[in-house]
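Trainee: I would like to learn how to read a chain like this one. Please start with the terms.

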Amino acid sequence: MDIEDEISQIHVRNARVEAEKAWETSAFRIILVCFMTYSVTAIVFAIIGVRDFLLNALIPTLGFFVSTLSLPSLRKWWIDRKLGK
């Protein structure tokens, strides 16, 4: 394999990695996971007979949402600490 092919493969890989990183932090993904969390939790709570299951399904959903707000700053702190900055 020649150098140009290797460089081309590296560019393709880097583009894929960047897209995956963008997906992990996208608002679309966060909203989608919140919706799925709420839906599944509400269904399970309804099946097991939790009173006010629609209201109570908000608790794990809000927990996930708050974690998406706090984890980026904790991740930055951890990475800085790991790299010795």
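Mentor: Helices (H or I, at least four residues) and strands (E, at least two) are DSSP runs, numbered from the N terminus. By that reading, Val-50 sits in the loop between H2 and H3. The model is predicted: local features need pLDDT of at least 70, side-chain atom pairs count only at pLDDT 80 or more, and totals for chains, interfaces and linings use all residues. Residues are numbered from 1 along each chain as its sequence is written, and side-chain values use heavy atoms, with hydrogens and water left out.

Trainee: How many helices and strands are in the chain?

Mentor: The chain has four helices and zero strands, giving the pattern α-α-α-α along the sequence. The radius of gyration is taken over C-alpha atoms, and the globule rule is 2.2 Å times the number of residues to the power 0.38. Here the radius of gyration is 20 Å, well over the 12 Å that the rule gives for 85 residues, so the chain is more spread out than a compact globule. Its C-alpha trace spans about 65 × 35 × 20 Å along the principal axes.

Trainee: What share of the 85 residues is buried?

Mentor: Buried means under 20% relative accessible area, exposed over 50%, and partly exposed in between (1.4 Å probe, protein chains only). Buried residues make up 11% of the 85 in the chain.

Trainee: Where does Asp-52 lie, and is Asp-52 buried or exposed?

Mentor: Asp-52 is in the loop between helix H2 (27-48) and helix H3 (53-56). Asp-52 counts as exposed because its relative accessibility is 52%. Val-50, in the loop between H2 and H3, is partly exposed at 27%. Val-50 and Pro-60 are 10 residues apart in sequence and 14 Å apart in space, C-alpha to C-alpha.

Trainee: What is the phi of Asp-52?

Mentor: Most residues other than glycine have a negative phi. Asp-52 is not a glycine, yet its phi is positive, about 55°. Gly-84, which follows H4, also has a positive phi, near 80°.

Trainee: How many residues does H4 have, and where does H4 bend?

Mentor: The expected span of a helix is 1.5 Å times one less than its number of residues. H4 (residues 58-83) has 26 residues and reaches 37 Å from its first C-alpha to its last, close to the expected 38 Å. The bend at a residue is the angle between axes fitted to the seven residues ending there and the seven starting there. H4 bends by about 35° at Ser-70, and the proline Pro-72 follows within four residues.
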